Amino acid sequence: MKLIDIEFPILAFVDIETTGGNFDRDRITEIGIKTLANGQESAWECLINPETFIPQNIQRLTGITPDMVADHPSFDELALQIKKELEGKIFVAHNARFDYGFIKASFKRLGLDFRPKVLCTVKLSRLLFPQQARHNLDTIVAVHDLTVSARHRALGDADLLVQFWRVCEKTVGQTRLLEAVRQLVSHVSLPPNISQSVIDAIPDSPGCYMLYGEHHAPLYIGKSISMRSRVMSHFQSALTVRKEMKLSEQVHHIEWIETSGELSALILEAKLIKERMPSMNIKLRRSKDLCAWQLSQGTSGCDKPTLITHKHLQPGFQANLYGLFYNKREALGYLKAVAKKYQLCEALLGLEKVDEGKPCFGYQVKQCHGACIGKVSLAVHNLKLQTALQPFKVQAWPFAGAVAIQDGHSMLVINKWCYMGTANDHVELDVLAQSEDLNFDLDIYKIVKKAITGSHKTHLVKLPSTQETTASCDAME
Ligand SMILES: [Zn+2]
């Protein structure tokens, strides 16, 4: 019986040495490529001048010193040659994200596109030798008794991968190996612990998706109008973006919630992030200490800001509110910054106590223009204060009662900037419109404010309220 020779694609076993682990900051110092075509091996290697400093610990690990690379060409000078070496071959590397990511980033800086098929030998080892606990290169060398020529040098490590490949061929046979390659190459951009079927199950429609790590620890929550594509784009950019790489390595489990449209997804995202506090989201802060400045005219004719704390805050109903701030400290910091920028008097703002008729401390250090001692009129001081606070004016709720905003096939009910719920029919709509369960959330306020003045303005229906509805509800600005 004759053995059928299977035609293998051409493989380029690649290893690089770098000045560190950061795609953006660090540079390649050496590339080694072993090509395997029709059973024949060939080698290519080059030291590269990184044009940046090589840390001591890296020099010790690789043995590559600044002197060794000083007279060598830079990546830019070698780029076309490297591209030619890799073109039309499957890019094989151990923990391929690293080597591929670095080379891709280096090409990208030159405006060159680089998208080979990629095969990771960590994944190959995991697939073919699942009983093995670890799959790092040292373990593979030990387990399969590979011959080490130059560990931590590019061509030396690339050679270990070729040896590993030969072991695979011998152990599982060409047919099984080719099958494994096909399986792994097509899933190159997937994280190690996520399978294609998980991705396929995510609907490509609006909603929020949640990425979890080991033991169901929430890692990241995001929203999109097409969830599957968005989730995939996280994993694709894992090859070039450090934060996405970290996310990809940690993710074990994906969940999602479909929504009727984009606005619902935005609101849901803000709620979910607060509830589950995923470790890799920029924290949306809780609204329990919210406060704002209220401007009122004092007896002396001087406008004075008073801090309205969460308990007394009714965003949407109170006039002359400026903020909102997450806590008292932030509110004070803002007012002090405004005072400094506009050279207002901190004594008149209530930030400093002085005796009647005495100049404030700011006046003595030329921070205050002197409204405290009549050098500047109170009218001017008031006007400057109003102008300074204007960008932070809290918009009053412009309707008499609740409104419904069409989002896809559902209606979002909003009242006094608070999200009341989502209605799918008239009964639900009525119940939500009459609800008194107002929970103000600053992030949702910002989302709703943008929506009712922007793209959703025309999809808005005013709902009848239980209270009298005679007040004008056309005060939208
Ligand atoms: Zn003053």
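A polar contact here is a pair of N or O atoms within 3.5 Å, and residues adjacent in sequence count only if both atoms are side-chain atoms. With that in hand, here are some friendly notes on this predicted model.

1. Let's start with serine 410, where that definition applies. The side chain of serine 410 has a polar contact with the side chain of histidine 409, at 3.4 Å. Another such contact, at 2.7 Å, links the side chains of serine 410 and asparagine 424.

2. As for its setting, serine 410 sits in strand β13, which covers residues 410-415. Is serine 410 buried or exposed? Its relative accessibility is 3%, so serine 410 counts as buried. Leaving aside residues up to four places away in sequence, serine 410 touches Ser260, Ile405, Thr422, Ala423 and Asn424.

3. Now to the metal. Which residues coordinate the zinc ion? The SG atoms of Cys345, Cys360, Cys368 and Cys372 do, at 2.3 to 2.4 Å. Along the chain, these donors follow the spacing C-x14-C-x7-C-x3-C.

4. The zinc site also ties parts of the chain together. Cysteine 345 belongs to the loop between α13 (328-342) and α14 (361-364), while cysteine 368 belongs to the loop between α14 and α15 (378-389), so the pair links parts that are 23 residues apart in sequence. Both cysteine 345 and cysteine 368 are buried.

5. The arrangement around the zinc ion is tetrahedral because its 4 donor atoms subtend angles of 105 to 113°. For reference, the ideal angle for four tetrahedral donors at a metal is 109.5 degrees.

Note on methods: Residues are numbered from 1 along each chain as its sequence is written. This is a predicted model: local features need pLDDT of at least 70, side-chain atom pairs count only at pLDDT 80 or more; totals for chains, interfaces and linings use all residues. Side-chain values use heavy atoms; hydrogens and water are left out. Donors are N, O and S atoms within 2.8 Å of the metal (3.2 Å for Na, K and Ca); water is not among the atoms, so sites may look incomplete. Four donors count as tetrahedral if all angles lie between 85 and 135 degrees; four count as square planar and six as octahedral if opposite donors are over 155 degrees apart and all others between 65 and 115; anything else is irregular. Helices (H or I, at least four residues) and strands (E, at least two) are DSSP runs, numbered from the N terminus. Buried means under 20% relative accessible area, exposed over 50%, partly exposed in between (1.4 Å probe, protein chains only). A polar contact is a pair of N or O atoms within 3.5 Å; within protein, one must be able to donate a hydrogen and the other to accept it, and residues adjacent in sequence count only if both atoms are side-chain atoms. Contact means heavy atoms within 4.5 Å.
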